[in-house]
Amino acid sequence: MEMEERSFVISPDRRQEVEDGDESPSPRYTIDEALVSMGFGNFQILVLAYAGMGWVSEAMEMMLLSFVGPAVQSAWSLSPHEESLITSVVFAGMLVGAYSWGIVSDKYGRRKGFFITATITSVAGFLSAFAPNYTSLLVLRCLVGVGLGGGPVLASWFLEFIPAPERGTWMVIFSAFWTIGTILEASLAWMVMPKLGWRWLLAFSSFPSFLLLIFYQSTPESPRYLCLQGRTSDAAIILEKIARRNRTSLPPGILVSSHSYDFEEQSIPVEDVHLLSLTQTKAETSQGTQSNIVGLSPLLKLLSRELLVSTLLLWVVFFGNAFSYYGLVLLTSELTGTSRCTSTDIHLKEHEDVNYRDVFISSFAELPGLALSAVMVDKLGRKLSMSSMFFLGATFLFPLAFYRVDGLTTALLFGARVCITSTFTVVYIYAPEIYPTSIRTTGVGVASSVGRIGGMACPLVAVALVKGCHQTTAIIFFEIVFLLSGICVVLFPFETKGQDLPEKM
């Protein structure tokens with residue numbers, strides 16, 4: 001193949017040995033072996049800070065929907081349907097963006113992908129503060145959603161710099177930036193909304209996206225992507241920068257692309273079992289499938305024979321995660337406090353103040369979820385961590401179908417949100433690990449798009465039942481989603497804990 005001609009680069013400290021004509025074969029190493037050898041250090045901390053800022057930006061733009069919708073409805077005398085559209089168009093934009101930016105970053109590079117998305121998000125988000133009317137606000141918020149759809153690109157980019165044995169722990173830490181974003185947005189809204197109004201909140205919330213543009217020039221391209229594109233020399237240069245920044249050294253020998261490497265010679269200190277592309281399948285089947293897939297679109301690659309089951313199950317899990325996460329946030333305000341089904345409108349006078357305080361406090365429910373993820377993900381594995389949390393979350397919700405008092409309801413919803421935060425964290429670790437580099441961001445992006453459908457469906461289906469005084473039906477609906485998602489996790493074909501990231505199908 002064409003890529004075989006460029007599959008190696010000699011490290012500087014090994015060039016002399018090659019020139020001396022050493023007859024013994026030169027040592028070789030892959031990206032995974034280089035990362036394990038260098039470890040997680042200062043270079044990856046900088047990558048984490050940049051990718052984490054993108055996650056903070058997305059969380060803030062999503063959280064502000066809880067505050068901007070009611071404020072705009074009051075200012076412009078909107079109908080409930082018009083208010084709901086302000087949220088729906090963001091999810092619709094994310095649905096388009098998550099798929100589109102995944103393809104762009106897989107074809108043109110991770111850096112180009114998140115640069116375009118940060119530009120769209122920051123500009124459209126800032127201009128939203130100056131929207132003169134309802135229609136222009138909808139258009140701008142939809143564009144913000146298109147930009148936010150690129151969030152999985154940053155997650156995949158960071159993932160590709162982490163040594164395999166530490167991948168789970170550091171991806172949990174990366175996910176903590178989402179919680180930081182939700183807490184920051186709730187705090188910002190609490191301070192800004194009562195005094196300055198929703199336009200200032202929109203303007204301030206776009207600031208993290210501008211930070212991504214300011215520091216863009218200092219970001220490196222993913223060495224995995226470069227190797228896949230035949231730019232092994234460029235990948236080696238980045239690895240050398242990582243080694244210098246981390247004050248370590250590369251393994252001796254030649255950098256080779258994983259797919260052209262003889263895996264029997266590997267000595268990477270992780271599990272002996274490799275990911276899907278590294279398993280010992282029949283040679284003739286692998287070669288035939290690869291030749292047939294070359295010309296297919298990225299979406300068809302996700303639905304190829306090797307990935308079909310994993311892809312479909314992952315879509316269900318992403319849908320269930322998003323549906324449950326946003327649903328629990330909304331249920332917290334619907335099922336606690338004074339019920340609309342049993343009381344008058346006295347409670348509504350306090351709505352504005354209570355809303356900011358309650359959203360701020362409930363955001364801290366995600367911290368225990370992140371802690372659980374960090375403990376479980378590399379000890380129990382991805383599958384057991386997710387499935388146990390889905391089933392435990394269903395257990396927390398079950399009593400609410402029959403018995404609801406304020407104290408118990410708050411505690412049970414808090415517990416369920418801890419569980420769904422944990423599953424959301426782990427699935428964003430697992431998803432990039434099951435796809436090869438050539439379609440990794442596309443795979444995660446499409447799965448994220450399916451999750452956005454769950455976010456759009458949640459207020460239209462489950463929360464509408466609560467507002468219609470069908471609380472028991474709504475709780476049972478959430479129970480079904482939790483249980484089905486947990487079953488799909490159990491059915492995932494393989495575990496990815498500690499294994500190398502796949503490079504080729």
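**Notebook: a predicted chain, looked up part by part**

I began with W198, which is found in helix 10, residues 198-205. The model I am reading is a predicted one.

**Entry 1: W198.** I then looked up what W198 is in contact with, leaving aside its neighbours within four places in sequence. The list consists of V68, A71, V72, A75, W76, S128, L137 and M193. I took A71 from that list and checked its place relative to W198: the two are 127 residues apart in sequence, yet 6.6 Å apart in space, C-alpha to C-alpha.

**Entry 2: the chain.** I noted 22 helices and three strands in the chain. Of its 505 residues, 56% are buried. I also looked up the contacts between residues at least 6 apart in sequence, and 85% of these join residues at least 24 apart. The chain exposes about 21,200 Å², of which carbon and sulfur atoms supply 64%.

**Entry 3: helix 3.** I turned to helix 3, which covers residues 42-63 and has 22 residues. From its first C-alpha to its last it reaches 31 Å, close to the 32 Å expected at 1.5 Å a residue. Why do I call helix 3 largely enclosed by the rest of the structure? I do so because 17 of its 22 residues are buried.

**Entry 4: helix 13.** Helix 13 has 15 residues, 232-246, and reaches 21 Å between its first and last C-alpha, close to the expected 21 Å. Which residues of helix 13 are buried? I listed T232, A235, A236, I238, L239, I242, A243 and N246. Seen down the helix axis, these buried residues fall within an arc of 160°, so they line one face of helix 13. After helix 13 comes R247, whose phi is positive, near 60°.

**Entry 5: a nonpolar surface patch.** Finally, I looked up a nonpolar surface patch of about 690 Å². It is made by F391, I476, I480, L483, L484, I487, V490 and L491. Which helix gives the largest share of the patch? Helix 22, residues 471-490, does, with six residues. L484 has a relative accessible area of 48%, and exposed means over 50%, so I recorded L484 as partly exposed.

Notes
Residues numbered from 1 in each chain as written. Predicted model: local features only at pLDDT ≥ 70, side-chain atom pairs only at ≥ 80, totals over all residues. Heavy atoms only, no water. Helix = DSSP H or I, 4+ residues; strand = E, 2+ residues; numbered from the N terminus. Expected span 1.5 Å × (residues − 1). Buried < 20%, exposed > 50% of the residue type's maximum accessible area, 1.4 Å probe, protein only. Arc of directions from axis to C-beta. Patch = residues over 30% accessible without salt bridge, like charges linked within 9 Å, V, L, I, M, F, W, Y side chains within 5 Å. Areas by Shrake-Rupley, 256 points an atom, 1.4 Å probe, with all protein chains shown as cover. Salt bridge = Lys/Arg side-chain N within 4 Å of Asp/Glu carboxyl O. Contact = heavy atoms within 4.5 Å.
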